[in-house]
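User: I would like to learn how to read salt bridges, strand pairing and an interface in a model. Can we take them one at a time?

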2 protein chains.
Amino acid sequence: MSTSTSTSVDRIPGLTRVESTAPEDMINECLAMTRPAYPHEQVYGRFCTLEEYVDCPPEQVYDYLRQGHHLEEWTFSVRNFEPAGKPGLWVGDDRLEEGTRIFCRVAANPDAMTVDYHCAWDQSDQLWMVYLMRVVPAMLVLNRPGSVVTWTNCRHPNYDANPYPQSAPRPDRPWIGEFWDLFHAGHLVEMRNLKTILEHRHRNGEPVSHPPLRAVPR
Amino acid sequence: MSTSTSTSVDRIPGLTRVESTAPEDMINECLAMTRPAYPHEQVYGRFCTLEEYVDCPPEQVYDYLRQGHHLEEWTFSVRNFEPAGKPGLWVGDDRLEEGTRIFCRVAANPDAMTVDYHCAWDQSDQLWMVYLMRVVPAMLVLNRPGSVVTWTNCRHPNYDANPYPQSAPRPDRPWIGEFWDLFHAGHLVEMRNLKTILEHRHRNGEPVSHPPLRAVPR
């Protein structure tokens with residue numbers, strides 16, 4: 001064990017803190033950093049986050065998301081999930097590209113209401129496409145009933161080069177990473193699907209969750 | 001209990017799904033939604049999220065964040081935290097505005113590595129300024145050691161009107177909500193502080209956490 005103590009924050013170079021920067025200078029700096037608009041690459045180049053308000057109770061939204069088969073409902077093209085042979089692992093089709101299989105494992109935490117989809121096209125050895133979602137009670141953060149859903153993707157290097165080309169269904173099948181720049185738009189469409197489904201069912205007093213189509217235990 | 005079943009997703013209007021929209025049409029729609037730049041209001045009007053890579057192990061980043069007194073180090077102006085009399089509640093100064101007290105309670109989840117700061121200026125009856133943070137192992141999402149930190153604020157209506165004006169230290173003290181449009185810039189400065197502190201200490205083999213300055217048990 002090291003017995004060293006941490007460097008006092010006062011001696012770490014490169015910080016912007018009130019001890020060395022007057023509040024009015026900080027505000028002026030922030031005003032200069034705040035622009036009428038921001039380039040796509042700056043906002044969505046390395047990470048892609050969406051946030052949405054959903055008029056449905058947070059416990060129900062969390063319960064819907066943690067059941068991975070609901071991706072068949074709210075995503076554009078993930079369909080036909082069935083158990084893939086290993087505990088917790090599912091496999092389905094991504095109909096965005098013909099013949100493409102998508103593997104998925106859900107990691108969820110009921111207390112933090114985080115739901116992470118660990119996915120990959122073509123193979124399940126490395127589930128590197130991670131969709132990080134979280135449900136937050138809107139009463140806490142927006143003073144209204146319902147939920148806030150956040151959704152973040154990080155630009156894993158595999159988006160830029162498929163490390164498993166031999167697993168593709170055909171050599172000319174486009175790679176998911178070619179769509180990275182469209183993720184914000186595509187995920188916005190899917191987030192709106194999610195909002196529409198949950199609000200429709202909640203408004204009509206229906207259970208928001210739906211049984212799996214193909215993975216019912218026999 | 002209702003015995004109704006959920007509306008089949010096929011009968012919910014307003015969805016964009018592969019069953020009714022061809023992949024090439026979806027891609028064209030996403031291309032049209034994807035712009036060279038996005039207005040400030042569209043990106044940061046209702047929510048304000050930042051994401052950052054930090055070259056420091058996720059367990060250490062989580063442990064640093066969950067200890068609220070470290071806000072004294074990486075924020076621009078929150079200082080002098082001390083216990084506020086109720087379990088888990090702390091009070092300090094926000095030196096952004098003279099005489100302003102800030103109350104804070106941390107809600108953290110070690111498994112999901114979420115750290116939420118529930119804060120408010122002037123009073124502790126309603127801790128409505130909620131800073132939602134999460135630490136994600138960068139190996140999972142970026143295939144490299146270290147951490148990804150996400151940070152989301154939601155535009156609570158109290159930002160637009162202080163519901164506790166009588167608690168302000170003086171009638172002309174500016175309200176925190178007047179700074180909402182500067183949150184992205186301000187939080188970017190603070191996120192860079194966080195990254196700088198954690199990376200400095202980790203690079204030098206020091207403990208990243210630091211004892212509280214004023215709240216040491218006596």
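Analyst: Start with one residue. This is a predicted model. Asp160(B) is exposed, because its relative accessible area is 51% and the cut-off for exposed is over 50%.

User: Which residue does the side chain of Asp160(B) meet in a salt bridge?

Analyst: Arg155(B), at 2.9 Å from N to O. Arg155(B) is partly exposed, with a relative accessible area of 25%. Over all chains, the structure holds 30 salt bridges.

User: Which parts of the chain does the pair Arg101(A) and Glu82(A) link?

Analyst: Look up the element of each partner. Arg101(A) is in strand S5 (residues 101–109) of chain A, and Glu82(A) is in strand S3 of chain A. They are 19 residues apart. Their closest N and O atoms are 3.7 Å apart. Arg101(A) is partly exposed at 31% relative accessible area. Glu82(A) is partly exposed too, at 26%.

User: Is Glu97(A) buried or exposed?

Analyst: Buried, because its relative accessibility is 11% and the cut-off is under 20%. Glu97(A) forms a salt bridge with Arg170(A), the closest N and O atoms being 3.7 Å apart. This pair also links distant parts of the chain, 73 residues apart. Arg170(A) is partly exposed, at 28%.

User: Now strands. In which sense do S3 and S4 of chain A pair?

Analyst: Count bridges and check direction. Strand S3 (residues 78–83) and strand S4 (residues 89–94) of chain A pair in the antiparallel sense over four bridges. Pro83(A) has Trp90(A) as its bridge partner in S4(A). The hairpin has five residues between the strands, and Gly85(A) takes a positive phi near 105° there.

User: Which strands of chain A and chain B are joined by bridges?

Analyst: Strand S1 (residues 37–39) of each chain: three bridges join them, and they run antiparallel. Ala37(A) stands opposite Pro39(B).

User: How is the size of an interface often given?

Analyst: As the accessible area lost when the parts come together. Here chain B and chain A bury about 7200 Å² between them, 63% of it on carbon and sulfur atoms. In contact are 91 residues of chain B and 91 residues of chain A.

User: How many salt bridges does the rule find across the interface of chain B and chain A?

Analyst: Eight. One of them joins Glu52(B) to Arg46(A), with the closest N and O atoms 3.3 Å apart. H6(B) gives the most to the side of chain B that touches chain A, with ten residues. By class, that side has 43 nonpolar, 29 polar and 19 charged residues.

Key
Residues are numbered from 1 along each chain as its sequence is written. Chains are lettered from A and ligands numbered from 1 in the order in which they are written. This is a predicted model: local features need pLDDT of at least 70, side-chain atom pairs count only at pLDDT 80 or more; totals for chains, interfaces and linings use all residues. Side-chain values use heavy atoms; hydrogens and water are left out. Contact means heavy atoms within 4.5 Å. Buried area is the accessible area (1.4 Å probe) that two parts lose on being put together, summed over both. A salt bridge is a side-chain nitrogen of Lys or Arg within 4 Å of a carboxyl oxygen of Asp or Glu. Helices (H or I, at least four residues) and strands (E, at least two) are DSSP runs, numbered from the N terminus. Ala, Val, Leu, Ile, Met, Phe, Trp, Tyr, Cys and Pro count as nonpolar, Asp, Glu, Lys and Arg as charged, and the others, Gly among them, as polar. Two strands pair if DSSP finds at least two bridges between them. Buried means under 20% relative accessible area, exposed over 50%, partly exposed in between (1.4 Å probe, protein chains only).
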